[in-house]
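Grab a pencil and try these exercises on the structure shown here. Each task comes with a solution that goes step by step.

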Amino acid sequence: MFASKLRWVLPPLLAMLAASVGLAQPASAAATAGERYVALGDSYSSGVGAGSYLSDSGSCQRSSKAYPSLWAAANAPASFSFTACSGATTSTVKSSQLTPLDSSTTLISVTAGGNDVGFANVMQTCVLQSEATCVNAVNSAIAQINGTLPGSLSSLYGAIRSKAPQAHVVVLGYPRFYQLNGSCIAGLSETERAAINRGSDALNGMLAKQAADAGFSYSSVVDEFTGHEICSSAAWLHSVSVPVSNSYHPTATGQSGGYLPAFRSAV
């Protein structure tokens with residue numbers, strides 16, 4: 001009789017044990033495989049600086065080494081649309097990248113906001129002009145972050161939610177660009193580097209707030225890039241580079257070691 005009872009009791013006990021120790025993974029894998037994923041955003045999502053650009057992406061410079069491509073390759077979602085584009089603003093993401101979104105979309109990633117506040121112009125100013133001019137440019141960008149950017153982000157996030165009402169949306173931030181008191185012996189001053197970091201922090205803070213207001217997830221990449229900023233011994237960001245478009249963008253390792261884990265942790 002004991003053997004008979006054990007035959008009936010043992011299978012559910014084993015099932016419970018497997019779940020409790022994390023062996024019941026196929027359901028999670030199946031859920032990931034069922035994702036319908038759309039990757040939106042600017043050059044930090046398209047993968048500028050990572051190389052291996054897709055032949056059909058043209059000036060958008062979408063890379064097979066960008067975090068959306070890496071995540072899709074590792075997780076085999078049911079569908080994957082990659083519309084992120086170098087130079088995109090919140091307005092151009094809204095006007096030209098949302099076509100793949102619909103009620104069946106389940107997962108969206110997006111980086112946007114840096115180009116709205118003239119990030120590239122700020123960096124050019126800091127490289128070519130005086131320290132005071134650089135700091136003023138950063139302060140002007142922060143004024144835009146606090147002034148016009150919230151409305152632009154709200155408009156974009158509202159459009160995303162309207163077109164993909166069931167999707168889990170992950171807004172990713174930007175790295176802090178410089179390790180202060182690091183290994184750089186030339187280039188920008190520490191005052192300029194600290195000002196640029198302050199601008200990045202302000203932008204990330206606004207992205208986090210607007211994402212929360214929209215009911216989206218926000219995933220910072222600052223922790224992942226800590227110790228890998230420019231002026232660190234193992235930088236995952238290009239400094240001033242050739243081609244110039246790579247400057248201040250993540251390397252391939254920055255995409256795989258920085259952005260991919262930050263996105264994966266929020267999915």
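This is a predicted model: local features need pLDDT of at least 70, side-chain atom pairs count only at pLDDT 80 or more; totals for chains, interfaces and linings use all residues.

Residues are numbered from 1 along each chain as its sequence is written, and side-chain values use heavy atoms, leaving out hydrogens and water.

**Exercise 1.** Find which residues lie nearest the centre of the largest pocket, and which helix gives the most to its lining.

*Solution.* 
- Step 1: Look around Phe119, Ala120, Met123, Gln124 and Tyr248, which lie nearest the centre.
- Step 2: Take in the whole lining, 32 residues, made up of 19 nonpolar, 12 polar and one charged.
- Step 3: Check the helices: H3 (43–46), H6 (119–128), H7 (131–147) and H9 (190–214) each supply at least two lining residues.
- Step 4: Pick H6, which gives the most, with seven residues.

**Exercise 2.** Work out how helix H8 (residues 149–163) sits against H9: roughly parallel or oblique?

*Solution.* 
- Step 1: Compare the axes, which come within 10 Å and cross at roughly 40°.
- Step 2: That angle makes H8 oblique to H9, because angles under 35 degrees count as roughly parallel, over 145 as roughly antiparallel, 65 to 115 as roughly perpendicular and the rest as oblique.
- Step 3: Spot the contact (heavy atoms within 4.5 Å): H8 brings Leu149, Pro150, Leu153, Ser154 and Tyr157, while H9 brings Leu203, Met206, Leu207, Gln210, Ala211 and Ala214.
- Step 4: Sort those contact residues into nine nonpolar, two polar and no charged.

Key. On a 1 Å grid over the protein atoms alone, a cavity is a set of points where a 1.4 Å probe fits but cannot get out, and a pocket is an open set with protein on both sides within 12 Å along at least five of seven lines; lining residues have an atom within 4 Å of a point. Helices (H or I, at least four residues) and strands (E, at least two) are DSSP runs, numbered from the N terminus. Ala, Val, Leu, Ile, Met, Phe, Trp, Tyr, Cys and Pro count as nonpolar, Asp, Glu, Lys and Arg as charged, and the others, Gly among them, as polar. Axes are lines fitted to C-alpha atoms, for helices over the stretch in contact, and angles run from 0 to 180 degrees between N-to-C directions.
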